[in-house]
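Please keep the sequence and the coordinates open while reading.

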Amino acid sequence: MSKPKIDTIAAVSTPAGRSAISLIRVSGPDTFKILKKLFITGGKKAFPLPYSVYFGSVIEPDTGLVADKCLVTTFPAPRSYTGEDLAEVSTHGNPLVVSRVLQLLLKHGARAAEAGEFTRRAFLNGKMDLLEVEAVSQLLSANTSSQARLALNQLDGLPSQFVARIRDRIMHHLVQLEASLNFPEDAIEAIDEHLLAREIKKILAELEIFARNARSGALVADGLKIALLGRPNSGKSSLMNYMLGRDRAIVTEIAGTTRDTLEETLMVGEYPVKIIDTAGMRQPGDRIEAIGIERTSKAADEAFALIGVFDGSQPVKAEDEIVLNRLRQSGKPVIAVLNKSDLPQQINPEIFAGLRQLSVSALKGQGLPELQKAISQIIAESGLSGYEEMILLGAQQSVALDKALTALERADRGIGNIYQDMLAIDLEEAVRELGRVNGETVDVNTLDLIFERFCIGK
Amino acid sequence: MSQKKEYAVIVIGAGHAGCEAALAAARLGAETLLITMNISTVALMPCNPSIGGPGKGHLVREIGALGGEMPRCIDETCVQMKWLNTSKGPAVRSRRAQADKYLYRQRMLQTLFATPNLTLRQGHVTGLLVESGRVKGVRLETGLVFGCEKLILTSGTYLNSRIILGRATWPGGPQNQSPAVGLSDSLTAAGVKLRRLQTATPPRILKSSVDLNLMTELPGDVDAGGFLWENRLRRYEKQISCYLTFTDERSVEAVRRNLSESPLVLENITDDGPKHCPSIDRKIIKFPDMVKHQVFVEPEGWESQELYLQGLTTGMPPAAQQDIVGSVAGLENAVILRYGYAIEYDALAPGQIRKTMESRVIEGLYTAGQLNGTSGYEEAAGQGLIAGINAVLALRKQAPYWPSRTRSYLGVLVDDLSTWEKPEPYRITPGHAEFRLTLRDDSAERRLAADGFRIGLVDQKRFSTIFEWSARIEGEITRLSALSLLPSGEARERLARLATGDLKKPASGAELLQRPGVTYNNVMDLLQQPENSRLTAVDEVYALETEIKYRGYADREAEKIVQTSFLEKVRLPLETSDHRLHALSDQARQILGSSRFDDLSQMVRKHCLTRSEIAILLSVLSEDGDRQERHEETR
């Protein structure tokens, strides 16, 4: 008998909903390998020492951007809850932050744990007695499917109704398709592939809006990232401190002081904005600075918008040109901030032609309202969904939504080129996954629906 | 002359289930007695004169791959062969044959007589001999008693059957046969639970009284090939057509004015009948706005003067039937030769059969066909074959044959049947087969011939021939995956002529073939492979193209197949006193320890386990699996 191989699993262990701290558990042979990729410790202590607590950041390894500041506690095998290598990641309680961290773990090698899977492993490795297993497994099975529902019910139930309607629409066509496949001689109206193709496109478009609202929800709950770019010593860190109203970044006269990206969240109007201070853009002086600059690049790529910071009291330098090019080529909303407006201005303002541009003195505290207004404007112009449209999805729901979209995209591309029996498989997958977005696991039983709708008799 | 009294296997009933069961058992070497109430009606088709269609045709192909008889018999005796669903995709593509009902019976009868180890007897079995829960033999109306080790009961629609025509009702089997009386009581006494089911058949009319000019002719396909692998390229030059006509307002009116005489309205019959072939009265009641219902006019044989009216099934009285038939275009002057009728009969209540077709109640008893709550000749034949095979395997004390639902429609059929709980009879369709991209008509032999060989119904010669054929296809698939086309100017030009998109990086032959509209020969041209190195047989090219074009979709299915077959291998009942299973709910543990399900896959499909319970179970099982592996290693 072949058996499934032991892999590494991850899941949120605290109940869904907002709480101050959420706990994500990771268990399995790759636990520490995955965390080494994602978790940057704050201190000097080597990671992972057994049974230790670390403070640090969970980052997106591709961009170096911080997903959350976390506590990670290590429990190497066999003296852990599951008897395997296990880590507990305590994140902030915001469900979207939790979901991001979980998604990162899933993306980098962990698998979403099934209900009861930690308990199963604990049990398998002789870590629990049977009464404990029973108690925990009941609790887990009670939590999981309702967990997905909870997130939607936090709102007014409209998103789940929307998903259910879309699901019904696809189901309607699937039933007709299946009827004609299963009962070819029963005079079931042949599928009009052109009409169906149009309908799939329409559904896809609506579902994409839904997905965008979900992404907007995730973006906003997480803070809209705005990266500060500029050559060294242009005053990015001063500007950040000024915007925050306190000293967060270390400001020195020495260019290149900020070697890593720093981020802080502030409210601009009704939106949380995450300002990311980056290392200055220039030829790096050493390896650490080089890494910093590389992260700057990635931060800029990941950001929702960019603020270019220029020293207005100096003539344009070659490094400013690099920044300018970056701004112009980013395709993102951009603001050029001319800092040090309290000093005599030497920069040639013409080089900013076509860019949203304003002057600030971080030192003297001038120009902040204008900057906030500019940020509000770029948010307003960004096409971000309105607050009332935003949707909060859990990690599993996002995965299901993506799968549904992928299946529909496949159907959209395929229709006309693939056989209808394959098309039916794509539509069925979309129906099933949309059910999961709503936290349902129902059998997709088309046959019963066929008999209800069509007069089958041949 | 003395009559032998003891048989290894006795089969009761010589319908489609009984014939396959008896042939399989005898061919596997068991001394087999086949008892039928009437030797003249062996392999009778009391309803529609056709075999095949999506799902059903797949079953027939699989019966052939395993070494059963139905495909051979229908291939030889059909009056028409047709492909269905050709444009909708290989997964649902299927043959359907129109049978010569008389030739089919004759040929099957000859086969039965010609089969060694098989004895055919006419007789009416009125009782089972059961001792301490084990079947011992049968008692006939005449007082004769036959002993057996395994009994296969295929009573069709005959058990305590009753014919209903409007208000008239009398005990009777299909087509004026006698009902089987006594057996039901005997089964009930042994603890078997029965229920009533119904079905119905349309009137048959005189061919010369019909105006075919008012109907659409539906010819067969000359190059459809037969169901049996050996007949796959057979051409059917001579065929008879079917005809299609429609009901209209007159027919709806005719049904409505006679509705008070419908068994549906009189309620003198159970309501549990096949959903997929409702009577014309039911259709008019259920879809009141629909006026145009199809009526297929089908021949019953080469020489037969009777036509079958598919779509006008009814149990209404004769006058009403005449009224309704006469309302249909082309049938205005139709002379009814045999009236349609409804029949009500005893079938097993759900939950009493295993996937092997063995009874969960009486040891040594196997059941197959309509008794098990199915409808259709093909479903019956499939179950009969599985029952026959398993009866002999059990005689030999060998492990039973459990066809997996991941591997065959036969597997889907027996798996669904052993867990079927709905009131209506079960009919196979591709909609029941979640792995239908894998279970294609063209792949039947590649899925099942090895099983047939291992069981012993496919001999060495046939298996080798099929194996060589299949190896040729597999080999070419491998070659096509290895050959690659480089994006040279010339290659791109050749591609452009095929109007199938550009080539930016090297592509394998298999990748090229996955492009829409590209054929195997296109690819071989692109790759400049000489013609004499190619597959030429149309069936081989078709199998190869299908396999490759389906690959992306089939791969997605493959992952789920692994999960399902893993669960299927965990047989129930389990030893639930195992202390590690105490974490499960009492209910789950109770089901696991009972014989309600055959395997874990069924229990999961029926939502009898929570996901955490599945997880715990799997952990215990894989722990045991590990221990066993270690144990085997150290030996």
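Q: How many salt bridges are counted between domain 1 of chain A and domain 2 of chain A?
A: In this predicted model, the domain assignment of chain A gives domain 1 (9-120) and domain 2 (221-381), and the contact takes 12 residues from domain 1 of chain A and 11 residues from domain 2 of chain A. Across this interface the rule finds 0 residue pairs in polar contact, with both residues required to be at pLDDT 80 or more. The count of salt bridges between domain 1 of chain A and domain 2 of chain A is likewise 0.

Q: Which residues in domain 1 of chain A lose the most area to domain 2 of chain A?
A: Domain 1 of chain A and domain 2 of chain A bury about 930 Å² between them, with 50% of that area on carbon and sulfur atoms. The side of domain 1 of chain A that touches domain 2 of chain A divides into 6 nonpolar, 3 polar and 3 charged residues. Together accounting for 48% of what that side buries, the residues of domain 1 of chain A that lose the most area are Thr63(A), Leu65(A) and Val66(A).

Q: Is His108(A) buried or exposed?
A: His108(A) is found in the loop between helix H2 (95-107) and strand E7 (111-112) of chain A. Leaving aside neighbours within four places in sequence, His108(A) is in contact with Ile34(A), Lys37(A), Leu38(A) and Pro61(A). Because the relative accessible area of His108(A) is 14%, and buried means under 20%, His108(A) is buried.

Q: How many residues of chain A are in contact with chain B?
A: Chain A and chain B bury about 4,700 Å² between them, 57% of it on carbon and sulfur atoms. The contact takes 57 residues from chain B, and on the side of chain A the number of residues is 48.

Q: Which element supplies the largest share of the side of chain B that touches chain A?
A: Across the interface of chain B and chain A the rule finds 14 residue pairs in polar contact, both residues being at pLDDT 80 or more. Helix H8 (280-286), strand E16 (294-299), helix H18 (551-568) and helix H21 (611-634) of chain B each supply at least two residues of the side of chain B that touches chain A. With 11 residues, the largest share comes from H21(B).

Q: Is Phe287(B) buried or exposed?
A: Phe287(B) is found in the loop between H8 and E16 of chain B. Apart from neighbours within four places in sequence, Phe287(B) is in contact with Phe451(A), Glu452(A), Arg453(A), Phe454(A) and Cys455(A). At a relative accessibility of 15%, Phe287(B) counts as buried.

Q: Which residue of chain B forms a salt bridge with Asp426(A)?
A: Within chain A, Asp426(A) forms a salt bridge with Arg410(A), the closest N and O atoms being 3.1 Å apart. Arg410(A) lies in helix H11 (residues 395-414) of chain A and Asp426(A) in helix H12 (residues 420-437) of chain A, so this pair ties together parts that are 16 residues apart in sequence. Asp426(A) counts as buried, at 0% relative accessibility. Across the interface of chain B and chain A, where the rule finds 4 salt bridges, Asp426(A) forms a salt bridge, with closest N and O atoms 3.0 Å apart, with Arg556(B).

Q: What N to O distance is found in the salt bridge of Arg257(B) and Asp323(B)?
A: Arg257(B) is partly exposed, with a relative accessible area of 48%, and Asp323(B) also counts as partly exposed, at 26%. The side chains of Arg257(B) and Asp323(B) meet in a salt bridge with an N to O distance of 2.8 Å.

Q: Which residue forms a salt bridge with Arg405(B) at 2.9 Å?
A: Arg405(B) counts as buried at 3% relative accessibility, and belongs to a network of salt bridges that links Lys355(B), Arg405(B), Asp415(B), Asp416(B), Glu434(B), Glu568(B), Asp599(B) and Arg605(B). Among these, the residue whose closest N and O atoms are 2.9 Å from those of Arg405(B) is Asp416(B).

Technical notes. Residues are numbered from 1 along each chain as its sequence is written. Chains are lettered from A and ligands numbered from 1 in the order in which they are written. This is a predicted model: local features need pLDDT of at least 70, side-chain atom pairs count only at pLDDT 80 or more; totals for chains, interfaces and linings use all residues. Side-chain values use heavy atoms; hydrogens and water are left out. Contact means heavy atoms within 4.5 Å. Buried area is the accessible area (1.4 Å probe) that two parts lose on being put together, summed over both. A polar contact is a pair of N or O atoms within 3.5 Å; within protein, one must be able to donate a hydrogen and the other to accept it, and residues adjacent in sequence count only if both atoms are side-chain atoms. Helices (H or I, at least four residues) and strands (E, at least two) are DSSP runs, numbered from the N terminus. Buried means under 20% relative accessible area, exposed over 50%, partly exposed in between (1.4 Å probe, protein chains only). Domain bounds come from an automatic or database domain assignment. Ala, Val, Leu, Ile, Met, Phe, Trp, Tyr, Cys and Pro count as nonpolar, Asp, Glu, Lys and Arg as charged, and the others, Gly among them, as polar.
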